[in-house]
Amino acid sequence: MSLVARGMAGVVVFMGLGMAAAQQPITLHVDLRDAPKKILHAVEEIPVTPGANTLVFPKWIPGEHMPSGPIDDMAGFFLTANGEPVKWQRDPIDMFAFHFNVPAGVTTLEAKMDFLATPNGGSFTAGGSTSANLAMLSWNTLVLYPQGTKSADVMVTPSVTLPDGWRYGTALTPTSAGPSQSIDFSTVSLEQLIDSPVLTGRFFREIPLAPDVTPKHFLDMAADGPEDLNISEQHIDDFSKLVRETGALYKSRHYSSYHFLVTLSDQVLHFGLEHHQSSDDRVEPTTFVTDDKFTLDGDLLPHEFTHSWNGKYRRPIGLVTPNYQEPMIGDGLWVYEGLTEYLGDVLATRCGIWTPQQYRDRLAGIAATYNLRPGRTWRNLQDTARMAQILYTTGGPFDNWRRGTDFYDEGELVWLDVDTTIRKLTDGKKSLNDFAGSFEGLGGNTGPKVVPYTFDDVVAALTAVVPYDWAGFLRFRLDTNRPEAPLGGLENGGWKLVYKDQPSEWSTLEESESGSVDFWYSLGLHVGPQGNVGDVLHGGMADKAGFGPGMKIIAVNNREYDPNVLRAAIIDAKGSTQPIEFIVENTGYFKILKLDYHEGEKFPVLERIAGTPDRLDDILKPMTK
Ligand SMILES: [Zn+2]
């Protein structure tokens, strides 16, 4: 058998494969005992056939949607055959490929390598993953596989050695009996292996969720101290309800068990990464024991869990690749991430993590942010998805003009628009719940597998719920360059975006976490607690007056800068015709800038449109008792 692979010059060539690779599993042992020293060790035994061979290191990482495999943190890479060194040479074009010759008579090659788990600015799984008392093992950081193979066909028998006394959680199935620091796991495909990270730590707790539901669900937590594991019964109930709500919404499950792998630590990078049968959820240490943090991060687990259906099981065709070297096409990310953002937020409310008021306050912030997105006039939403592989590593100043991974939050607005449109067209008889049940539940309960879809499949599934020009509806929101955000979902939902002079409870919560005050909707300025200008609305009042990112506000109306001083100046200016005067420092030079602004403070909130049905309220109602 031969498979299609890309040659060095990017030309498609056919290459023969060592058949042994398909017949006999690779064994991969990872030693995590040095994880507290920020170095992980792996030994891999790979069946080979003599002659020219190439091994590759995973480059395009599922869920990260970009070529982010941390090849720069690979070290101590040695190949041996029957105890003799085998000389390797890196491909001159593809830095993730290693060429070598296997001597006659050799059937197994041993590869040793280390992963340097030193935080170096890498994103997602390339970021910090260990501390003195915990580690998150992402297998893609410590595995090589034969070039040109399909990740679903390459079989791997994994095992780990943990530091003394550490416990673990994973979607992999252990085969070793009894408690031990060396754990063998069942043989799985490379695809399943990389999709099944291992969370381990000294301070570890596993809680079964929704025990009435099959398959089984677990909340696995590792923290830097035992006190951060004391999650309340109320929050455990919220997560159990989340499990039940997903069953009602998606009418299916596509896993044999599900593990929320939650790292509660400031020593690791904070993010969420979805997997089919688990999720890698990394948050601040006290997220589960302080109410404000629990609320602010309330969407993380519902979002990553939703990906088990939307992203892992159902996946845009461009993100379905035969292995980790083939480039991904991000065009469908407005469904993969946008729909997940929408449904995840709705689920966070349906299961009780958020109140409907918190959901609406947060939605008001999203609507207002994206309604002041001048970058939409040159880059449409579709382009943010296509360029995701680069936009994930951008952000910060001028993001409102460049745009970033807007397919998440603007995608959420689009899907709210779809949901309320279905409800309107059917007089409340149908909703996006029906789409979610049929689209994500296609084929009923299954094990983990991928069912790809195209844009036309999405349109067909929506049309099956209610006939409408869904292709035109979606393409207009994806392809046009109108300056306004797609806010039709708010209006169809019975609400409108307005600005008040007091921040919502949600905005206050965000401000207290970040320490900065939001002057975005009044002055078009993001200002940090010390006066540093984080961003300026392109074409806005502050931009026109001469403000730029990186400047520092020294004084407001001749008083030393403090967020409350600026706040008071904005309030005072409402009753006067005098401009607000700033002393601003820019790379060692000072100047005076004036803003002729008299409209007072502005914070986004949602307001009911009287006499219209409150469809938003219907959307947020739980589907289970
Ligand atoms: Zn996501």
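Trainee: What does serine 189 touch, not counting residues up to four places away in sequence?

Mentor: Serine 189 touches Ser151, Ala152, Val154 and Met155, with residues up to four places away in sequence left out. Contact means heavy atoms within 4.5 Å. The model is predicted: local features need pLDDT of at least 70, side-chain atom pairs count only at pLDDT 80 or more, and totals for chains, interfaces and linings use all residues. Residues are numbered from 1 along each chain as its sequence is written, and side-chain values use heavy atoms, with hydrogens and water left out.

Trainee: Why does serine 189 count as buried?

Mentor: Its relative accessibility is 10%. Buried means under 20% relative accessible area, exposed over 50%, and partly exposed in between, with a 1.4 Å probe and protein chains only. Serine 189 therefore counts as buried. Serine 189 is found in strand β16 (residues 188-189); strands (E, at least two residues) and helices (H or I, at least four) are DSSP runs, numbered from the N terminus.

Trainee: Is lysine 87 buried or exposed, and how do you know?

Mentor: Lysine 87 has a relative accessible area of 74%, so this residue is exposed. Lysine 87 sits in the loop between β7 (84-86) and β8, and touches His99 and Phe100, not counting residues up to four places away in sequence.

Trainee: Why do β8 and β12 stand at the edges of the sheet?

Mentor: The open sheet has four strands in the order β8-β9-β5-β12, with antiparallel pairing. β8 (88-90) and β12 (145-146) each have a single partner strand, so one side of each is left without a neighbour in the sheet.

Trainee: What makes β8 and β9 a pair?

Mentor: Two strands pair if DSSP finds at least two bridges between them. Three bridges join β8 to β9 (residues 97-102), and the two run antiparallel. Tryptophan 88 stands opposite phenylalanine 100 in β9.

Trainee: Why is α12 called roughly perpendicular to α13?

Mentor: α12 (residues 409-425) and α13 (residues 432-439) pack at an angle of about 110°, with their axes 8 Å apart. Axes are lines fitted to C-alpha atoms, for helices over the stretch in contact, and angles run from 0 to 180 degrees between N-to-C directions. Angles under 35 degrees count as roughly parallel, over 145 as roughly antiparallel, 65 to 115 as roughly perpendicular and the rest as oblique. That makes α12 roughly perpendicular to α13. Trp415, Val418, Asp419, Ile422 and Arg423 of α12 meet Leu432, Asn433 and Phe435 of α13.
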